[in-house]
Amino acid sequence: MSAPAVLQPETDMHTDRGLALQALRYMATMREVEDRIERKLYRQGKIVGGVYVGRGQEAISVGVGLSATPDDVLCPSHRDLALFLIRGVDPRQIFAQYMGRVGGLTRGKDGNMHMGDISRRIVSIISAMAASVPVAAGAALALKYRGTQNIAYCFFGDGATSRGDWHEGLNFAAVQKLPVVYVCNNNQYAYSTPLTKQMACANVSDRAPGYGIPAEIVDGNDVFAVHRAAQRAAGHARSGAGPYLIECKTFRMTGHSAHDAAEYVPQSLWDEWKEKDPITRLEKKILEKRWAKREEIARLHAGIRQEVDAAIEWAEKSPYPDASELLDGVYERS
Amino acid sequence: MEMTYLEAIRQGIREEMTRDSGVFLLGEDIGVYGGAFKITSGLLQEFGEKRVIDTPISESAIVGAAIGASLMGLRPVAEMQFADFITCGYDQIVNFAAKCRYRWGAAVPMVIRAPSGGGIHGGPFHSQNPEAWFVHTPGLKVVAPATAPDAKGLIKSAIRDNDPVLFFEHKALYRRIKEDVPDGDFTVPIGKAAVVRQGRDLSIITYGAMVHVARESAETLEKEGISVEIVDLRTLAPLDEDTVLASVRKTSKVLLLHEDVLTGGIGGELAGRIAEKAFHDLDAPIVRVAAPDTPVPYSPPLEEAFLPNAAKVTERARWLARY
Ligand SMILES: Cc1ncc(C[n+]2csc(CCOP(=O)(O)OP(=O)(O)O)c2C)c(N)n1
């Protein structure tokens, strides 16, 4: 199966085979890359630091990421690997990043999803939850300032919305009518903390109207629903009407991090959400609509596995940074 | 009883909660989960939800609420999941908590526990040593134990103290050291350093995980005929100047060691005080060994180059001894 052509955001994605196949490719690649990291490389001791993955949440970064234009700014959360893939970051670089090698986006200075690439308009998170929210407002301010039609997308979890930075960032963007699309992955847990201990309102989106920001709730495990919502949100933001919030209901199908067995999650929730797996659902739809045959999907997965094998091999050959690099990059080289 | 540094902190907290019904805990994932490092494991079951509060991800609210409760006479012990996130509650700490007593005579008897330090491949946001930011703020007490007995004795003193205390726990020590810890009501006074090794030729002044690095280095130097004295500061604010100066006067050579970065670290303050008050007792320049002025890098070779270790200390100590 050849790679589907890049789709334009205004295409009617609802019945589009192209979107489905492209989304499947990115979602399956994200799953494969993260499965290897969390369940193989981490356990083999090849990743020495923290590992946070987005298993079960792939439809969110893919659905939104595929609706963004290349000059839009992305502020990913720590569970949005696919945004990097969509912007052309190679899985090799991602494995090298996790392994602390020079081939990673931070050349070993940082690990896991703590990475960015300003040339691709991806702003790196810092670890503190919600710190990107005011930064996204500033990026959007610059896009508006320069008179572009571009917008900033800011991704975060449900727990992040408890931080003051989140509230200050939203309010600032709303007051200034800045073109920001907020994408919440509400996966119902923040580390071990369930939603009920995080907020007294039922939905993250309930918080938005207080800032004068329109919001909607979408099925975060349906890539088409996410994509359509992202288009509506982007249309709103691009029109100059100010920010927009999408709350994607989903579930974190793993521990908070690779060392967390998540025993605090009741079995019934795992069972319930396994049924709603976004990749399985998308494949089912593709088969029902006859957009591709079962063998073609199998071949796609096989191709991804091969690419990932090669990427890991490459990353393992990428050297560790030399200790002499320690002092580099604190300031601009003069 | 033999226990780890981590267990010693837990035991100290449990004893204080048993002794004083006004002591309660708040922080992220500390109850049901027992905390990211499991320090508070079992305490929810023992003391109930009223006294072990799982909070939203809201460091500013955690600190602010601790201040409010302490103004009303309770004794909150707040946990930062990692010391790095203490920045999210910074204003509440340095402007609210620190200045209540001075401005309007109100006591803020609260403790903020903060797992700090590197050596666990945590990268720039899970490895920092932010103690100097708070040492620089009058009104705060800052404690950083290096041993299991001190961890227990100091957490108990911190909880009983009537001023806000920042309690920096070194993550790399949690499970690494196992020591005999006195049972029962044992406290270690805040503001008192300890001479943890007697020596003649030079003094290493340090704290936290670096105490163990200093000990390792001292063993090596001993074989070379260099006798090292080690002062474990234990409390960084207020500084136990007397113990430091006494050691400097005894050995006449001093090496200041910390894991925090060099610029603006405690070493600079110590150097200033030693130069002011014991200049004529010195036989050599003051030497500082600290991390370089960079963020804490993630990749193992970079982190190794970043962190002070026994080899780096030994090399500088040899130079100092020969001077
Ligand atoms: C300010 C701050 N406090 C604590 C943490 C530790 N921490 C890392 S991720 C996390 C949970 C985040 O939950 P959420 O925002 O819902 O995102 P999710 O991990 O569920 O995607 C916590 C508490 C942090 N990163 N930042």
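The structure is a predicted model.

- Domain 1 of chain B brings 25 residues to the contact, and domain 2 of chain B brings 22 residues.
- On the side of domain 1 of chain B that touches domain 2 of chain B, the elements giving two or more residues are helix 6 (131-135), strand 6 (141-143), helix 7 (148-160) and strand 7 (165-170) of chain B.
- That side of domain 1 of chain B consists of 13 nonpolar, 9 polar and 3 charged residues.

**Where chain B meets chain A**

- In this interface, 33 residues of chain A are in contact with 30 residues of chain B.
- On the side of chain B that touches chain A, helix 11 (residues 300-306) of chain B gives the most, with 5 residues.
- Sorted by class, that side of chain B has 16 nonpolar, 9 polar and 5 charged residues.

**The surroundings of the ligand**

- The ligand is surrounded by 23 residues, and the closest are A:Ala128, A:Gly157, A:Gly159, A:Ala160 and A:Ala190.
- The site is shared between chains, because residues from both chain A and chain B surround the ligand.
- The elements that supply two or more residues to this shell are strand 2 (152-157) and strand 4 (189-190) of chain A.
- The shell around the ligand holds 10 nonpolar, 7 polar and 6 charged residues.

**A helix pair in chain B**

- Two packed helices are described by the angle between their axes and by the distance between those axes.
- Helix 1 (residues 5-19) of chain B packs with helix 7 of chain B at an angle of about 30°, and their axes are 8 Å apart.
- Helix 1 of chain B is therefore roughly parallel to helix 7 of chain B, as angles under 35 degrees are classed in this way.
- The crossing of helix 1 of chain B with helix 7 of chain B is right-handed.
- Among the residues of helix 1 of chain B that meet helix 7 of chain B are B:Tyr5, B:Ala8 and B:Ile9, while those of helix 7 of chain B include B:Ala148, B:Pro149 and B:Ile155.
- The contact between helix 1 of chain B and helix 7 of chain B comprises 9 nonpolar, 2 polar and 4 charged residues.

**A helix pair in chain A**

- Helix 1 (residues 17-41) of chain A packs with helix 2 (residues 58-65) of chain A at an angle of about 140°, with 9 Å between their axes.
- Helix 1 of chain A is therefore oblique to helix 2 of chain A.
- Helix 1 of chain A passes helix 2 of chain A with a right-handed crossing.
- Helix 1 of chain A makes this contact through A:Ala23, A:Tyr26, A:Met27, A:Met30 and A:Arg31, and helix 2 of chain A through A:Glu58, A:Ala59, A:Val62 and A:Gly63.
- This contact in chain A has 6 nonpolar, 1 polar and 2 charged residues.

**Two features of the backbone**

- Most peptide bonds are trans, and most residues other than glycine have a negative phi.
- The peptide bond from B:Ala237 to B:Pro238 is cis, with omega near 0°.
- B:Pro238 lies in the loop between strand 12 (235-237) and helix 9 (241-251) of chain B.
- A:Tyr191, a residue other than glycine, has a positive phi, near 55°.
- A:Tyr191 is found in the loop between strand 4 and strand 5 (193-194) of chain A.

Methods: Residues numbered from 1 in each chain as written. Chains lettered and ligands numbered in written order. Predicted model: local features only at pLDDT ≥ 70, side-chain atom pairs only at ≥ 80, totals over all residues. Near = placed C-beta within 6 Å. Helix = DSSP H or I, 4+ residues; strand = E, 2+ residues; numbered from the N terminus. Nonpolar A, V, L, I, M, F, W, Y, C, P; charged D, E, K, R; others polar. Contact = placed C-beta atoms within 7 Å. Axes fitted to C-alpha atoms, helices over the stretch in contact; angles between N-to-C directions. Parallel < 35°, antiparallel > 145°, perpendicular 65-115°, else oblique. Left-handed = near helix turned anticlockwise from the far one by under 90°.
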